[in-house]
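Student: I have not looked at this structure before. Could we go through it step by step, starting with the chain as a whole?

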Amino acid sequence: MDKYTLSQHPDVLALASNQAATGLNDADFCRRVKFTLSPSSWGKVKKGTYSGNCHNALAAVQAALDADITAADQVPVVDGGIVLLDHIQVAADAVAAARIAQDEHRLVLVVAPAGGGKTYTARYIAAKYSGQIVNASPSWAKSYMHTLRELARGLGIGGDWRSAGDAERAIIQALALSPRLIIIDEANHFSRDSLNFLKTILNETKCCLVLLTIPNHLASMAADCRDEFPQLLRRSVAIIHIPPVCMDDLTAIQRGLYPHLSLTDPVQIYNLANTNHRLDTVTRVLDEIDAGKDVAAAVKSVRNQITAVLKTA
């Protein structure tokens with residue numbers, strides 16, 4: 001099968017027709033049908049310019065045809081004031097797998113830009129699995145002893161230690177006796193010694209770790225800690241990159257948290273959210289609309305707030 005024949009295959013034409021009926025762009029449609037092809041590859045399949053394995057692409061198309069494209073019309077699941085978007089459910093499933101692991105593979109990483117949904121994900125996971133959230137800070141990168149003290153404090157482990165070795169032993173002993181889910185935000189503030197200690201927690205206790213960070217910081221950790229970081233990653237069960245906001249996300253949040261609102265022009269919210277702060281921007285705009293503004297005025301207000309913050313940063 002060549003690329004042109006693929007583009008004219010009845011299943012490709014049927015899937016393209018389904019997409020047209022939804023009004024979604026390639027990226028949002030691929031997410032809705034859980035497409036194993038990337039949005040760009042799907043676009044090339046339709047245009048007859050796809051250069052990959054055409055038989056494999058057709059199999060992916062046929063699998064996507066079985067997806068429920070009306071999923072966005074269903075009432076979203078809301079748990080504890082949080083709409084269970086796809087990435088939150090994926091993260092929860094990953095943590096569930098980590099919790100039953102019999103070896104050291106009990107690490108989950110959640111990666112997204114600022115405002116991308118890490119905090120919502122952490123809150124849901126912490127509530128579902130009785131986890132403890134600890135917020136790291138820049139000072140953690142400067143002093144290993146300070147990191148140990150602050151980590152212990154965040155986990156409710158008391159002690160007055162004279163050395164890092166004493167602190168390590170006390171924390172490991174406490175966690176071995178009382179295993180728990182530990183969620184660490186701003187995880188990029190770990191030094192090499194701190195990363196090694198996380199590895200020790202996974203090796204010597206039954207604790208699960210969830211680390212939250214942004215893409216650039218993840219890359220920096222990999223570059224700055226070339227030995228320690230890969231060793232830690234080998235203990236992960238999943239690395240979850242939260243994608244940009246799609247129209248289905250926007251619709252789910254509106255229906256789940258603001259069911260009384262009717263959005264006449266959600267594209268404005270969608271565009272602003274994927275320019276600045278993603279999911280945080282969606283909820284901020286919807287809050288403004290809930291307070292009485294129309295969509296255009298709410299988007300303008302939030303855009304001005306973001307601009308003001310960026311100017312002072």
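Student: Among contacts between residues at least 6 apart in sequence, what percentage join residues at least 24 apart?

Tutor: This is a predicted model, and its protein chain has 313 residues, of which 45% are buried. The chain holds 16 helices and seven strands, and its C-alpha trace spans about 70 × 55 × 35 Å along the principal axes. Among contacts between residues at least 6 apart in sequence, the share that joins residues at least 24 apart is 73%.

Student: Is Leu198 buried or exposed?

Tutor: Leu198 lies in helix 10. Leaving aside neighbours within four places in sequence, it is in contact with Ile184, Phe190, Leu209, Leu211 and Leu232. Leu198 and Leu232 are 34 residues apart in sequence, and their C-alpha atoms are 7.6 Å apart in space. The relative accessible area of Leu198 is 1%, and buried means under 20%, so Leu198 is buried.

Student: Why do the buried residues of helix 8 line one face of the helix?

Tutor: In helix 8 (residues 144-154), the buried residues are Tyr144, Met145, Thr147, Leu148, Leu151 and Ala152. Seen down the helix axis, these buried residues line one face because they fall within an arc of 160°.

Student: What covers the buried residues of helix 8?

Tutor: Just after helix 8, Gly156 takes a positive phi of about 75°. As for the cover over the buried residues of helix 8, it includes strand 4 (132-135), helix 9 (164-177), strand 5 (181-185) and helix 10 (192-204).

Student: Which elements do the buried residues of helix 13 pack against?

Tutor: Helix 13 has Met247, Asp248, Asp249, Leu250, Ala252, Ile253 and Gln254 as its buried residues. They pack against helix 3, strand 2, helix 14 and helix 15.

Student: Which elements give two or more residues to the lining of the largest cavity?

Tutor: The structure holds one cavity of 30 Å³ or more, and the largest cavity has a volume of about 100 Å³. Its lining is made up of Gly81, Ile82, Val83, Leu85, Ile88, Tyr120, Ile253, Leu257, Leu279 and Thr283. Two or more residues of that lining come from each of strand 2 (82-83), helix 13 (247-257) and helix 15 (278-290).

Student: How many charged residues are in the lining of the second largest pocket?

Tutor: The second largest pocket has a volume of about 240 Å³, and its lining includes Arg31, Lys34, Asp86 and His87. Helix 3 (26-32), helix 6 (86-99) and strand 7 (236-241) each supply at least two lining residues. By class, the lining has seven nonpolar residues and two polar ones, and the number of charged residues is three.

Student: Is Lys34 buried or exposed?

Tutor: Lys34 is in the loop between helix 3 and helix 4. Its phi is near 55°, a positive value in a residue other than glycine. Most residues other than glycine have a negative phi. The relative accessible area of Lys34 is 58%, and the cut-off for exposed is over 50%, so Lys34 is exposed.

Student: What does Glu186 count as at 34% relative accessibility?

Tutor: Glu186 is in the loop between strand 5 and helix 10. It has a positive phi of about 60° although it is not a glycine. At 34% relative accessibility, Glu186 counts as partly exposed.

How values were computed. Residues are numbered from 1 along each chain as its sequence is written. This is a predicted model: local features need pLDDT of at least 70, side-chain atom pairs count only at pLDDT 80 or more; totals for chains, interfaces and linings use all residues. Side-chain values use heavy atoms; hydrogens and water are left out. On a 1 Å grid over the protein atoms alone, a cavity is a set of points where a 1.4 Å probe fits but cannot get out, and a pocket is an open set with protein on both sides within 12 Å along at least five of seven lines; lining residues have an atom within 4 Å of a point. Grid points are joined across faces, edges and corners, and a volume is the space filled by probe spheres set on the points. Helices (H or I, at least four residues) and strands (E, at least two) are DSSP runs, numbered from the N terminus. Ala, Val, Leu, Ile, Met, Phe, Trp, Tyr, Cys and Pro count as nonpolar, Asp, Glu, Lys and Arg as charged, and the others, Gly among them, as polar. Buried means under 20% relative accessible area, exposed over 50%, partly exposed in between (1.4 Å probe, protein chains only). The arc is that of the directions from the helix axis to the C-beta atoms. Contact means heavy atoms within 4.5 Å.
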